[in-house]
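Please look through the sequence and the structure shown below, and keep both in view while reading.

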Amino acid sequence: PFASFADRWILITYFQSFLSLASSLTLVIAISRLQRFLALPVALAMGVFMSGTQVAIYDTAILSDSLYTSMIIFSVAFLFLGFARYKPLYFALGSAAMGFVILVRPAGIYFIVIYIVVMAYLLWNRYRSGISSAFLVPFPSILLLFCGYNYLTLGSFVISPFGEANLAGATVLYWEPDPSFPSFVNEALRD
(Lines give C-alpha, C1' and ligand atoms only; values in the text may rest on other atoms or scores of the structure.)
Protein backbone atom coordinates (compact mmCIF):
# COMPACT_ATOMS: atom_id res chain seq x y z
CA PRO A 1 0.00 0.00 0.00
CA PHE A 2 2.83 2.45 0.73
CA ALA A 3 4.25 2.04 -2.77
CA SER A 4 1.01 3.13 -4.41
CA PHE A 5 0.79 6.12 -2.03
CA ALA A 6 4.39 7.13 -2.73
CA ASP A 7 3.88 6.81 -6.48
CA ARG A 8 1.07 9.36 -6.34
CA TRP A 9 3.35 11.84 -4.56
CA ILE A 10 6.04 11.29 -7.17
CA LEU A 11 3.48 11.88 -9.92
CA ILE A 12 2.52 15.17 -8.29
CA THR A 13 6.14 16.32 -8.26
CA TYR A 14 6.52 15.27 -11.91
CA PHE A 15 3.36 17.19 -12.79
CA GLN A 16 4.54 20.30 -10.93
CA SER A 17 7.94 20.13 -12.64
CA PHE A 18 6.29 19.70 -16.04
CA LEU A 19 3.98 22.65 -15.35
CA SER A 20 6.94 24.84 -14.37
CA LEU A 21 8.78 23.93 -17.54
CA ALA A 22 5.68 24.41 -19.72
CA SER A 23 4.90 27.82 -18.23
CA SER A 24 8.49 28.99 -18.67
CA LEU A 25 8.62 27.81 -22.28
CA THR A 26 5.25 29.43 -22.98
CA LEU A 27 6.57 32.74 -21.65
CA VAL A 28 9.70 32.52 -23.81
CA ILE A 29 7.59 31.72 -26.89
CA ALA A 30 5.21 34.58 -26.08
CA ILE A 31 8.05 37.07 -25.75
CA SER A 32 9.62 35.84 -28.99
CA ARG A 33 6.28 36.44 -30.76
CA LEU A 34 5.84 39.87 -29.18
CA GLN A 35 9.41 41.24 -29.38
CA ARG A 36 11.82 38.85 -31.08
CA PHE A 37 14.96 40.62 -29.84
CA LEU A 38 13.93 39.95 -26.22
CA ALA A 39 13.64 36.18 -26.71
CA LEU A 40 17.25 35.38 -25.80
CA PRO A 41 17.39 37.49 -22.61
CA VAL A 42 14.04 36.08 -21.46
CA ALA A 43 15.15 32.53 -22.27
CA LEU A 44 18.33 33.07 -20.24
CA ALA A 45 16.35 34.58 -17.36
CA MET A 46 13.87 31.70 -17.34
CA GLY A 47 16.77 29.22 -17.54
CA VAL A 48 18.37 30.81 -14.49
CA PHE A 49 14.99 30.87 -12.73
CA MET A 50 14.26 27.22 -13.52
CA SER A 51 17.69 26.05 -12.41
CA GLY A 52 17.41 27.73 -9.03
CA THR A 53 17.14 25.72 -5.85
CA GLN A 54 13.93 27.48 -4.83
CA VAL A 55 12.11 26.21 -7.92
CA ALA A 56 13.42 22.70 -7.25
CA ILE A 57 12.14 22.91 -3.68
CA TYR A 58 8.75 24.20 -4.83
CA ASP A 59 8.41 21.58 -7.57
CA THR A 60 9.24 18.68 -5.26
CA ALA A 61 7.17 19.84 -2.30
CA ILE A 62 3.50 18.95 -2.01
CA LEU A 63 2.48 22.57 -1.57
CA SER A 64 0.73 25.11 -3.78
CA ASP A 65 3.83 27.25 -4.41
CA SER A 66 4.82 25.60 -7.69
CA LEU A 67 1.29 25.62 -9.09
CA TYR A 68 0.81 29.25 -8.01
CA THR A 69 4.03 30.36 -9.70
CA SER A 70 3.23 28.42 -12.87
CA MET A 71 -0.25 29.96 -13.10
CA ILE A 72 1.20 33.47 -12.73
CA ILE A 73 3.71 32.78 -15.51
CA PHE A 74 0.99 31.25 -17.72
CA SER A 75 -1.32 34.25 -17.24
CA VAL A 76 1.42 36.70 -18.26
CA ALA A 77 2.54 34.50 -21.16
CA PHE A 78 -0.98 34.12 -22.57
CA LEU A 79 -1.58 37.86 -22.32
CA PHE A 80 1.65 38.50 -24.22
CA LEU A 81 0.60 35.93 -26.83
CA GLY A 82 -2.79 37.61 -27.07
CA PHE A 83 -1.25 41.00 -27.75
CA ALA A 84 1.25 39.47 -30.19
CA ARG A 85 -1.26 37.42 -32.21
CA TYR A 86 -4.62 39.17 -31.57
CA LYS A 87 -6.37 35.83 -31.14
CA PRO A 88 -9.29 35.56 -28.70
CA LEU A 89 -8.11 32.13 -27.51
CA TYR A 90 -4.95 33.56 -25.95
CA PHE A 91 -6.88 36.31 -24.18
CA ALA A 92 -9.35 33.72 -22.86
CA LEU A 93 -6.50 31.51 -21.64
CA GLY A 94 -4.83 34.51 -19.96
CA SER A 95 -8.06 35.45 -18.23
CA ALA A 96 -8.65 31.86 -17.11
CA ALA A 97 -5.08 31.55 -15.82
CA MET A 98 -5.64 34.71 -13.74
CA GLY A 99 -8.70 33.09 -12.21
CA PHE A 100 -6.75 29.93 -11.45
CA VAL A 101 -4.05 31.99 -9.72
CA ILE A 102 -6.69 33.12 -7.22
CA LEU A 103 -8.12 29.61 -6.89
CA VAL A 104 -4.70 28.18 -6.09
CA ARG A 105 -3.87 30.90 -3.60
CA PRO A 106 -6.40 33.60 -2.67
CA ALA A 107 -3.50 35.98 -2.03
CA GLY A 108 -3.42 36.31 -5.82
CA ILE A 109 -6.50 38.51 -5.56
CA TYR A 110 -4.31 41.35 -6.85
CA PHE A 111 -4.98 39.90 -10.31
CA ILE A 112 -8.36 41.64 -10.14
CA VAL A 113 -6.52 44.94 -10.63
CA ILE A 114 -4.49 43.53 -13.54
CA TYR A 115 -7.69 42.15 -15.06
CA ILE A 116 -9.41 45.54 -14.83
CA VAL A 117 -6.41 47.37 -16.34
CA VAL A 118 -6.16 44.93 -19.28
CA MET A 119 -9.92 45.07 -19.83
CA ALA A 120 -9.85 48.88 -19.79
CA TYR A 121 -6.96 48.83 -22.27
CA LEU A 122 -8.84 46.50 -24.61
CA LEU A 123 -11.98 48.65 -24.47
CA TRP A 124 -10.13 51.97 -24.70
CA ASN A 125 -8.22 50.85 -27.79
CA ARG A 126 -11.37 49.37 -29.32
CA TYR A 127 -10.14 45.83 -29.81
CA ARG A 128 -12.52 43.52 -31.64
CA SER A 129 -15.52 42.51 -29.54
CA GLY A 130 -14.47 38.86 -29.85
CA ILE A 131 -11.16 39.60 -28.16
CA SER A 132 -12.73 41.75 -25.45
CA SER A 133 -15.43 39.22 -24.64
CA ALA A 134 -12.93 36.32 -24.73
CA PHE A 135 -10.94 38.15 -22.06
CA LEU A 136 -13.97 39.40 -20.15
CA VAL A 137 -15.76 36.09 -19.50
CA PRO A 138 -13.39 33.44 -18.02
CA PHE A 139 -11.96 35.34 -15.04
CA PRO A 140 -15.23 36.42 -13.39
CA SER A 141 -16.85 33.10 -14.34
CA ILE A 142 -14.19 31.11 -12.50
CA LEU A 143 -14.41 33.35 -9.44
CA LEU A 144 -18.22 33.27 -9.39
CA LEU A 145 -18.24 29.48 -9.73
CA PHE A 146 -15.77 29.18 -6.87
CA CYS A 147 -17.80 31.58 -4.70
CA GLY A 148 -20.93 29.57 -5.55
CA TYR A 149 -19.17 26.37 -4.59
CA ASN A 150 -18.12 27.90 -1.25
CA TYR A 151 -21.68 29.04 -0.70
CA LEU A 152 -23.09 25.57 -1.35
CA THR A 153 -20.52 23.77 0.77
CA LEU A 154 -19.72 26.30 3.50
CA GLY A 155 -22.67 28.67 3.42
CA SER A 156 -20.43 31.65 2.62
CA PHE A 157 -20.32 33.39 -0.79
CA VAL A 158 -16.60 34.25 -0.67
CA ILE A 159 -13.48 33.41 -2.65
CA SER A 160 -11.71 32.16 0.45
CA PRO A 161 -13.36 31.34 3.77
CA PHE A 162 -10.01 31.58 5.54
CA GLY A 163 -9.67 35.37 5.71
CA GLU A 164 -9.84 35.48 9.49
CA ALA A 165 -7.33 32.64 9.80
CA ASN A 166 -4.92 34.44 7.45
CA LEU A 167 -5.29 37.64 9.45
CA ALA A 168 -4.66 35.77 12.69
CA GLY A 169 -1.61 34.02 11.24
CA ALA A 170 -0.15 37.29 10.03
CA THR A 171 -0.60 39.11 13.34
CA VAL A 172 -0.18 36.36 15.98
CA LEU A 173 3.39 37.43 16.81
CA TYR A 174 2.07 40.77 18.00
CA TRP A 175 -0.63 39.42 20.31
CA GLU A 176 -0.25 39.94 24.04
CA PRO A 177 -2.29 38.66 26.99
CA ASP A 178 -5.19 40.90 27.89
CA PRO A 179 -7.55 40.73 30.89
CA SER A 180 -10.56 40.93 28.58
CA PHE A 181 -9.58 37.63 26.86
CA PRO A 182 -10.72 34.29 28.28
CA SER A 183 -8.12 32.62 30.51
CA PHE A 184 -7.35 29.81 28.03
CA VAL A 185 -6.51 32.40 25.36
CA ASN A 186 -4.16 34.28 27.68
CA GLU A 187 -2.48 30.99 28.65
CA ALA A 188 -1.99 30.13 24.99
CA LEU A 189 -0.51 33.56 24.33
CA ARG A 190 1.91 33.18 27.24
CA ASP A 191 3.05 29.79 25.96
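Phenylalanine 135 touches Leu79, Phe91, Ser95, Met98, Tyr115, Val118, Met119 and Leu122, when residues up to four places away in sequence are not counted, and contact here means heavy atoms within 4.5 Å. This is a predicted model, in which local features need pLDDT of at least 70 and side-chain atom pairs count only at pLDDT 80 or more, while totals for chains, interfaces and linings use all residues. Residues are numbered from 1 along each chain as its sequence is written, and side-chain values use heavy atoms, with hydrogens and water left out.

**The nonpolar core**

- The largest nonpolar core has 33 residues, and those that touch the most other members are Phe74, Met98, Leu122, Phe135 and Phe139; such a core is a set of buried Ala, Val, Leu, Ile, Met, Phe, Trp, Tyr and Cys residues joined through side-chain atoms within 4.5 Å.
- At least two residues of this core come from each of α1 (2–34), α2 (39–50), α4 (65–85), α5 (88–104), α6 (111–124), α7 (129–136) and α8 (138–154), where helices (H or I, at least four residues) are DSSP runs numbered from the N terminus.
- The helix that gives the most to this core is α4, with eight residues.
- As a general background, nonpolar side chains in soluble globular proteins tend to be buried together.

**Helices α4 and α5**

- Helix α4 has 21 residues and reaches 30 Å from its first C-alpha to its last, which is close to the 30 Å expected at 1.5 Å a residue; the expected span of a helix is 1.5 Å times one less than its number of residues.
- Helix α5, with 17 residues, should span 24 Å at 1.5 Å a residue, and this agrees with its end C-alpha atoms, which are 24 Å apart.
- The buried residues of α5 are Phe91, Ala92, Gly94, Ser95, Ala96, Ala97, Met98, Gly99, Val101 and Ile102, where buried means under 20% relative accessible area, exposed over 50%, and partly exposed in between (1.4 Å probe, protein chains only).
- These buried residues of α5 pack against α4, α6, α7 and α8.
- Alanine 96, which lies in helix α5, counts as buried at 15% relative accessibility, and it is in contact with Pro138 and Ile142 once its neighbours within four places in sequence are left aside.
- The C-alpha atoms of alanine 96 and leucine 136 are separated by 9.7 Å, although the two residues are 40 residues apart along the chain.

- Aspartate 65 forms a salt bridge with arginine 105, and the closest N and O atoms are 3.3 Å apart.
- This pair links distant parts of the chain, with aspartate 65 in helix α4 and arginine 105 in the loop between α5 and α6, 40 residues apart.
- Aspartate 65 is buried, with a relative accessible area of 18%, whereas arginine 105 is partly exposed, with a relative accessible area of 24%.

**Loops with a positive phi**

- Tyrosine 86, found in the loop between α4 and α5, has a positive phi of about 55 degrees although it is not a glycine, and at 43% relative accessibility it counts as partly exposed.
- Arginine 126, which lies in the loop between α6 and α7, has a positive phi of about 50 degrees although it is not a glycine, and at 76% relative accessibility it counts as exposed.

**The surface and helix α10**

- Leu144, Tyr151, Leu152 and Phe157 make a nonpolar surface patch of about 510 Å²; patches are made of residues with over 30% relative accessible area and no salt bridge, with like charges joined within 9 Å and nonpolar side chains (Val, Leu, Ile, Met, Phe, Trp, Tyr) within 5 Å.
- Leucine 152 has its place in helix α8 and counts as exposed at 75% relative accessibility.
- Asparagine 186 lies in helix α10 (residues 183–190), counts as buried at 8% relative accessibility, and is in contact with Pro177, Asp178, Pro179 and Phe181, leaving aside its neighbours within four places in sequence.

Terms used. A salt bridge is a side-chain nitrogen of Lys or Arg within 4 Å of a carboxyl oxygen of Asp or Glu. Accessible areas come from the Shrake-Rupley method with a 1.4 Å probe; for residues, only the protein chains shown count as cover.
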